[in-house]
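Please open the structure in your viewer and keep the selection tool ready. The tour moves from one selection to the next.

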Amino acid sequence: MTAERIEYDIVALASLSDERYSTLQGRVLERLAEFECSRSEHLQKFARGGVANYEAHGHSRTYVAITPCEPSDIDVAGFFTIGMTSLDLTQASNSARTKLMGNIPLEVTGAYSIAELARSDRYTAAQLPGSVLLDEAKAKVAQARSLVAGRFLVVDAQEIVYERLYQPAGFRRVSVAKPPIGMEDRDFVVACAVIKDW
């Protein structure tokens, strides 16, 4: 593998349900079923089994970064999942709450959520930086916001991922998060960004 950036297209899994795309949908689902993410067992399990269930029930929408491989095949280099959540600011300091909420005196509000964001182990950070996947996710959230409003984008992230990826992108720590099953030995945080600040 080279260290050059890969070419990719972002495709919503939901858009592949049309019969015209059944071959592509089958291949994407096959690639997700073998998705490798050694950094996070949780993300790997989600890609391999949780995506379809969450999609089918409308809890979230997953977008895949499809890249060409071999002469006439594709691979899923990464993915992100967007859904809805609530942002609880009761644990945030008064000054942080005021900065985030402005003059709206709410302690809990609705928010968009990046529920999952992962790059396959087959690709390096140079080939597909996490910041690129994050920018793609932010663009999808911005599209949704233009139609239905919304102020915040929330993530639950490992402390180290927050520091390396989300904090430089303008996210602010709000509280400590409960780790997913199987990752109890790692520290997680809830962080949010104000969408209009992009």
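This is a predicted model: local features need pLDDT of at least 70, side-chain atom pairs count only at pLDDT 80 or more; totals for chains, interfaces and linings use all residues.

Residues are numbered from 1 along each chain as its sequence is written, and side-chain values use heavy atoms, with hydrogens and water left out.

**The nonpolar cores**

Select F80, I114, L117, Y166 and F171. Which members of the largest nonpolar core touch the most other members? Of its 29 residues, these five do: F80, I114, L117, Y166 and F171. A nonpolar core is a set of buried Ala, Val, Leu, Ile, Met, Phe, Trp, Tyr and Cys residues joined through side-chain atoms within 4.5 Å. Buried means under 20% relative accessible area, exposed means over 50%, and partly exposed lies in between (1.4 Å probe, protein chains only).

Next, colour the helices and strands, which are DSSP runs numbered from the N terminus (helices: H or I, at least four residues; strands: E, at least two). Elements that each supply at least two residues of this core include β3 (73-88), β4 (108-119), α4 (130-148) and α5 (159-166). Helix α4 gives the most, with five residues. A second, separate core has 17 residues, among them V11, A47, I74 and A118.

Now centre the view on Y166. Leaving aside neighbours within four places in sequence, Y166 is in contact (heavy atoms within 4.5 Å) with I114, L117, L134, V155, A157, V161 and F171.

**The aromatic pairs**

Rings of Phe, Tyr and Trp (its six-membered ring) pair if their centres lie within 6.5 Å; planes under 30 degrees apart count as stacked, over 60 as edge-to-face and the rest as tilted. By this rule the count comes to five aromatic pairs. Select Y63 and F80: this pair is stacked, at 5.2 Å centre to centre with 20° between the planes. Y63 belongs to strand β2 and F80 to strand β3, 17 residues apart, and the pair links distant parts of the chain. Both Y63 and F80 are buried.

Y166 and F171, by contrast, form an edge-to-face pair, with 5.2 Å between centres and 75° between the planes. Y166 and F171 are likewise buried. Then select F35, F46, Y54 and F79, which form one aromatic cluster.

**The second largest pocket**

Select R61, Y63, I82, G83 and Y112. Of the 13 residues that line the second largest pocket, these lie nearest its centre. On a 1 Å grid over the protein atoms alone, a pocket is an open set of points with protein on both sides within 12 Å along at least five of seven lines, and lining residues have an atom within 4 Å of a point. Helix α4 supplies the largest share of the lining, four residues.

**Single residues**

Select D135 in helix α4. D135 is partly exposed, with a relative accessible area of 46%. The C-alpha atoms of D135 and A169 are separated by 8.9 Å, although the two are 34 residues apart along the chain.

Move to A149, in the loop between α4 and β5. A149 has a positive phi of about 70° although it is not a glycine. Most residues other than glycine have a negative phi.

Finally, select Q158 in strand β5. Is Q158 buried or exposed? Q158 is buried, because its relative accessible area is 15%. Not counting residues up to four places away in sequence, Q158 touches R39, M183, R186, D187 and F188.

How values were computed. On a 1 Å grid over the protein atoms alone, a cavity is a set of points where a 1.4 Å probe fits but cannot get out, and a pocket is an open set with protein on both sides within 12 Å along at least five of seven lines; lining residues have an atom within 4 Å of a point.
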